[in-house]
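Work through the following exercises with the sequence and the model open beside you. Each begins with a task and is followed by a solution in steps.

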Amino acid sequence: MNDLPALLGGTPVRSTPFPVYRTIGAEEKQAVMEVLDSGVLSQFLGAWSPDFFGGPRVRELEADWCQHFSVAHAVSVNSATSGLYAAVGAAGVGPGDEVIVSPYTMSASAAAALVYGAVPVFADIDPETYCLTAETIRAKLSARTKAVIVVDIFGHPADFAPIMELAHEHGLTVIEDCAQAPGALYHGKAAGTLAHMGVYSLNYHKTIHCGEGGLVVTDDPALAKRLQLIRNHGEAVVKNMGYQGELTNLVGFNYRMTEIEAAIAREQLKKLPQLVARRQENAAYLNRGLQGLRGLSLPQVAPGCTHGWYVYPLKYSAAVTGVARATYLAALRAEGVEIAAGYVEPLYLQPLYQQKIAYGNEHFPFSLRPEVSYARGLCPVTERMHFDELLYSPLIHADLGQAELDQVIAAFHKIDRHLDALRSVAA
Ligand SMILES: *Cc1c(COP(=O)(O)O)cnc(C)c1O
C-alpha cells in the first residue's frame with residue numbers, strides 16, 4: 001500500500017463523503033401529520049386573546065423545554081437570531097448603549113445589539129474554551145455597558161459563575177447564546193440556563209432542529225412577558241392585556257413559530273440527550289486516537305463542565321511542525337477529511353464594523369459611541385486562534401461510528417508520519 005499523503009500523490013484514506021447528520025425520523029413525520037390533519041398550522045393571534053401565546057404544539061413545546069432544562073419560562077421563536085434580538089430588546093438595551101460580545105461567533109450574536117441602536121463592544125476569548133471570560137468582559141466595561149452576550153461556542157459552556165458575579169456588581173443583563181451547546185452542563189446546570197436569558201437554536205445545522213426555530217428561556221417573569229410581547233406585535237397588545245411594565249422596546253415583531261415546527265421540535269428534544277451522548281463518546285474516541293501528534297493540542301473541557309461538541313476544535317502549531325497550517329489542512333482534505341482552518345472571521349473585521357455603516361449612511365449607531373474600536377489587533381487571542389491555530393471539524397456528530405472516526409484518526413497519523421515531506425510544500 002502506498003503510504004504517501006494524498007496531497008503528494010498517495011491514496012486518500014477516504015474517497016467518499018462522510019455520512020451526513022440526520023436526526024429526523026418516523027416520530028417527527030407522525031407529529032407533522034397530526035398537525036396537518038388538524039388543519040391549524042399556526043394558532044398565534046397578534047392581538048390580546050388566549051391565542052396571543054400560540055397554539056397547542058407551541059405551548060407544549062415551551063412546557064417541555066421548561067421541564068427538560070429546569071427553567072421557569074420558555075418563549076419559542078422562529079430562529080435563534082430572532083431570540084437574540086428579542087432578548088436584547090427585553091433587556092431594555094437602547095441607542096448608544098454598549099453590549100459586550102464575543103467576536104468569535106455567528107454574526108447575529110453581535111447584530112442583536114445593532115437592532116436596538118446599541119453598539120457591540122468586542123471582548124477577547126479564552127484560548128482553551130474560545131468563550132468570553134469575566135476578565136475579558138471586565139476589561140471592556142464602560143459607564144454605557146448595558147448587557148453582555150456570552151456565547152457557548154462550539155458547544156463548551158462559558159465560565160458563568162464569575163461572569164454573573166461581575167454582572168451583578170455592575171447591573172448588567174447577561175444573555176447566553178446557547179445555539180451550539182444544548183445538552184452541555186456547567187456544574188450540573190444546563191447550558192442555556194446560566195444567565196438572565198438563554199437562547200437556543202433549532203436551525204437545521206444545529207444538534208437538534210425543526211428546520212428553523214429557537215427558544216429563549218428565563219427564570220424572570222417580567223423578562224418572559226417582554227419576550228412574548230416582542231415576539232408578537234407588542235404595541236398592539238399591551239393596552240388590552242393590561243400590561244403595567246416598561247414600554248421600552250415593545251415595538252413587536254412577528255417571531256412566531258408554527259405548529260409544525262413546534263411539533264417537530266418536541267420530538268427532537270426527546271432525542272437530544274442521546275444525540276449529545278454520542279457526540280461526547282465520539283469526542284473521547286478522537287481524543288484518544290489523536291494523542292501525541294506533533295503540533296496538535298486536543299480540545300480541553302473545563303473542570304465541572306460537559307461539552308456539547310457542536311464541532312470538534314483542535315489547535316495547531318506550525319512552529320512545532322514546520323508545516324504551514326494551510327498545507328496541513330490541505331493534506332487532511334486531500335485524505336478526504338472535512339476540516340476547516342479557523343471558524344468565522346473575527347466579527348469586527350466585517351465591512352459593517354470596519355466602515356461603521358449599519359442604518360443609513362451617517363454611521364448610526366456607531367456615531368453615538370465613536371470611541372469604540374474595531375481595529376485589527378483588537379482581540380489578539382481571537383485573531384491568533386482564527387488566523388494561526390484553530391482547526392475546526394464537523395466530524396463529531398451522532399451518525400459517525402468508529403469506522404469513520406478511525407479514518408479521521410488515520411489521516412492525521414499519516415500526515416504526522418510525513419511532516420518532513422510536507423515541509424517543502426508551499427502553503
Ligand atoms: C446558529 C447560531 C445562531 C443563529 O441561529 P439561527 O437559529 O440560525 O438564527 C446564533 N448564534 C450562534 C452561536 C449560532 O451558532
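**Exercise 1. Decide whether N249 is buried or exposed, and state where N249 lies.**

Step 1. N249 has a relative accessible area of 17% and is therefore buried, since buried means under 20% relative accessible area, exposed over 50%, and partly exposed in between (1.4 Å probe, protein chains only).
Step 2. N249 lies in the loop between α8 (238–241) and α9 (259–289); helices (H or I, at least four residues) and strands (E, at least two) are DSSP runs, numbered from the N terminus.
Step 3. The phi of N249 is near 65 degrees, which is a positive value in a residue other than glycine.
Step 4. Most residues other than glycine have a negative phi, and most peptide bonds are trans.

Before going on, note that this is a predicted model, in which local features need pLDDT of at least 70 and side-chain atom pairs count only at pLDDT 80 or more, while totals for chains, interfaces and linings use all residues. Residues are numbered from 1 along each chain as its sequence is written, and side-chain values use heavy atoms, with hydrogens and water left out.

**Exercise 2. Describe the backbone at F154 and at the bond between F364 and P365.**

Step 1. F154, in the loop between β4 and α6 (160–170), also has a positive phi, near 65 degrees, in a residue other than glycine.
Step 2. With a relative accessible area of 1%, F154 is buried.
Step 3. F364 and P365 are joined by a cis peptide bond, with omega about 0 degrees, and P365 is found in the loop between α12 (351–354) and α13 (380–389).

**Exercise 3. Trace the parallel pairing from β3 through β2 and β4 to β5.**

Step 1. Strands of a sheet pair through backbone hydrogen bonds, either parallel or antiparallel; here two strands pair if DSSP finds at least two bridges between them.
Step 2. Strand β2 (residues 98–101) pairs with strand β3 (residues 119–122) in the parallel sense over four bridges, and I100 stands opposite V121 in β3.
Step 3. β2 also pairs with β4 in the parallel sense, again over four bridges, and there the bridge partner of I100 is V148.
Step 4. β4 in turn pairs with strand β5 (residues 173–177) in the parallel sense over five bridges, where V150 has E176 as its bridge partner.
Step 5. As for cover, six of the seven residues of β4 (residues 145–151) are buried, while in β2 the residues E98 and I100 point one way and V99 and V101 the other way, all of them buried.
Step 6. In a regular strand the side chains alternate between the two faces of the sheet.

**Exercise 4. Give the strand order of the open antiparallel sheet, and name the edge strands.**

Step 1. Four strands make up this open sheet, in the order β10-β11-β13-β12, with antiparallel pairing.
Step 2. The edge strands are β10 (296–297) and β12 (340–341), each of which pairs on one side only.
Step 3. Strand β11 (residues 312–316) and strand β13 (residues 390–393) run antiparallel and are joined by four bridges, and P313 stands opposite Y392 in β13.

**Exercise 5. Which residues are closest to the ligand, and how much of the ligand does the protein bury?**

Step 1. The ligand is surrounded by 14 residues, the closest being A80, T81, D177, S201 and K206, where a residue is near a molecule if one of its heavy atoms lies within 4 Å of it.
Step 2. An N or O atom in the side chain of D177 is 2.7 Å from a nitrogen atom of the ligand.
Step 3. Taken alone, the ligand exposes 380 Å², of which the protein buries 93% (accessible areas from the Shrake-Rupley method with a 1.4 Å probe).

**Exercise 6. How many disulfides are there, and why is C379 not in a bond?**

Step 1. A disulfide is a pair of cysteine sulfur atoms within 2.5 Å, and by this rule the count is zero.
Step 2. C210 is in no disulfide, the nearest cysteine sulfur, that of C178, being 15 Å away.
Step 3. The sulfur of C379 is too far for a bond because the closest cysteine sulfur, in C131, is 14 Å from it.
Step 4. Both cysteines count as buried, C210 at 7% relative accessibility and C379 at 0%.

Technical notes: A polar contact is a pair of N or O atoms within 3.5 Å; within protein, one must be able to donate a hydrogen and the other to accept it, and residues adjacent in sequence count only if both atoms are side-chain atoms.
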